[in-house]
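User: I am new to this structure and would like to learn how to read it. Could we go through it feature by feature?

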Amino acid sequence: MKIHLLVNESAGNGHAKKIFDQTVLLLIDQDIAFSFEKSNYAGELITLAEAYGNLTHSDNEYLIVIGGDGSLNEVLNGIKRSSQPNLPFAYLPAGTGNDFGRAANLTNQPKTLLKQLKKRPTPTLMDCGAFKIINRSQQTYYFANNLGIGFDAYVNHYSNHSNLKKLLNTLKQGKLSYISYILKAVSKQDTFQVDVQSKSHKLHFNDAFLVTTTNHPYLGGGIPLLPSASVTNHQIATVIVEKRSIPKLIKLFINLLKDGSHIKDPQFHYLEAKKITIRTYQPEFGQVDGEEIHPRAFELELTVNHFNLLK
């Protein structure tokens with residue numbers, strides 16, 4: 001067996017570096033041949049993964065990604081752009097949120113993953129989201145977790161630039177920073193118009209607050225935005241939350257965090273389909289798997305796609 005590691009050491013406020021170091025020691029101890037490449041800047045893992053996917057590999061070679069959800073996103077996009085878009089890879093979640101690892105029930109222990117790879121596992125077909133920017137580009141982009149417009153992207157932006165997040169990550173309480181910015185964004189985020197359409201439904205909202213297309217239940221480090229979503233149901237889901245008043249919105253988020261009863265709230269809506277289009281009319285923050293998109297109006301075509309995961 002031979003292992004190639006793609007690593008983002010800065011993920012999880014340095015936690016990924018610890019996981020990488022543990023993995024290397026295990027590989028040396030078990031006399032497993034390995035190589036590695038580290039990303040030095042945002043987006044580099046796309047290039048590294050694409051280059052790996054363009055090479056020929058034997059059946060006993062395995063690619064392992066070590067990093068957070070953003071690192072997984074980059075490798076997914078790199079492999080998809082390569083000459084082998086269905087090339088399997090494994091993922092050791094080592095970020096702050098690790099929502100995909102949670103949704104796919106992945107181990108975060110290098111020893112466990114290596115033990116599983118020695119059994120030569122059959123790749124598992126996992127759903128992912130794909131999107132194109134309508135009338136602007138034919139390039140397809142992919143996401144393992146979600147694409148958000150409005151509220152969750154606003155929270156993501158300010159959380160990513162927060163010293164509080166860094167402190168709480170150090171204390172292994174990164175989820176608290178997300179919740180703190182939820183409270184701030186409830187009053188700060190504006191509402192906006194949006195059209196959301198699937199093959200069988202067409203919806204328009206004048207007071208949308210959150211528009212998030214998700215591949216699984218979780219958001220922001222384990223918050224169950226849509227409990228029915230799944231990485232294996234071959235659909236994507238777009239959630240729309242309206243802002244009718246701050247007290248009603250606060251109640252919705254309390255129920256979201258408490259027991260999942262938010263899905264019955266009249267401000268909460270969602271569509272599940274294989275293809276969904278979204279159009280907004282004014283600049284809003286966006287995020288893809290936790291990576292920021294600067295404020296803009298969006299016109300997107302989203303579809304369900306797939307990739308092969310070793311687990």
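User: Why is helix 2 described as largely enclosed by the rest of the structure?

Analyst: Start with the terms: helices (H or I, at least four residues) and strands (E, at least two) are DSSP runs, numbered from the N terminus. Buried means under 20% relative accessible area, exposed over 50%, and partly exposed in between, with a 1.4 Å probe and protein chains only. Here, seven of the ten residues of helix 2 are buried, so the helix is largely enclosed by the rest of the structure. The buried ones are E44, L45, I46, L48, A49, Y52 and G53. Strand 1 (2–7), strand 2, strand 3 and helix 3 are among the elements that cover them, where contact means heavy atoms within 4.5 Å.

Before we go on, this is a predicted model, in which local features need pLDDT of at least 70 and side-chain atom pairs count only at pLDDT 80 or more, while totals for chains, interfaces and linings use all residues. Residues are numbered from 1 along each chain as its sequence is written, and side-chain values use heavy atoms, with hydrogens and water left out.

User: Which residues have the most contacts inside the largest nonpolar core?

Analyst: A nonpolar core is a set of buried Ala, Val, Leu, Ile, Met, Phe, Trp, Tyr and Cys residues joined through side-chain atoms within 4.5 Å. The largest one has 25 residues, and V75, F89, F100, F307 and L309 have the most contacts inside it. At least two residues of this core come from each of helix 2 (44–53), strand 3 (61–67), helix 3, strand 4 (89–93), strand 5 (124–133) and strand 17 (299–310). Another core, of 24 residues, lies apart from it and includes L226, A229, A237 and L249.

User: How many aromatic pairs are there?

Analyst: Rings of Phe, Tyr and Trp (its six-membered ring) pair if their centres lie within 6.5 Å; planes under 30 degrees apart count as stacked, over 60 as edge-to-face and the rest as tilted. By this rule there are nine aromatic pairs. One of them, F20 with F36, is edge-to-face, at 5.2 Å centre to centre and 70° between the planes. This pair links distant parts of the chain, with F20 in helix 1 (residues 15–29) and F36 in strand 2 (residues 33–38), 16 residues apart. F20 is buried at a relative accessible area of 4%, whereas F36 is partly exposed at 40%.

F100 and F307 form a tilted pair, 5.9 Å centre to centre with 40° between the planes. F100 lies in helix 4 (residues 99–103) and F307 in strand 17, so their pair ties together parts that are 207 residues apart in sequence. F100 counts as buried at 0% relative accessibility, and F307 does at 2%. Together, F89, F100 and F307 form one aromatic cluster.

User: What does the side chain of D69 make a polar contact with?

Analyst: A polar contact is a pair of N or O atoms within 3.5 Å; within protein, one must be able to donate a hydrogen and the other to accept it, and residues adjacent in sequence count only if both atoms are side-chain atoms. The side chain of D69, a residue in helix 3 (residues 69–81), makes such a contact with the side chain of N145 at 3.3 Å. N145 sits in the loop between strand 6 (141–143) and strand 7 (146–150), and its side chain also reaches the backbone nitrogen of F100 at 3.2 Å. N145 counts as buried, at 3% relative accessibility.
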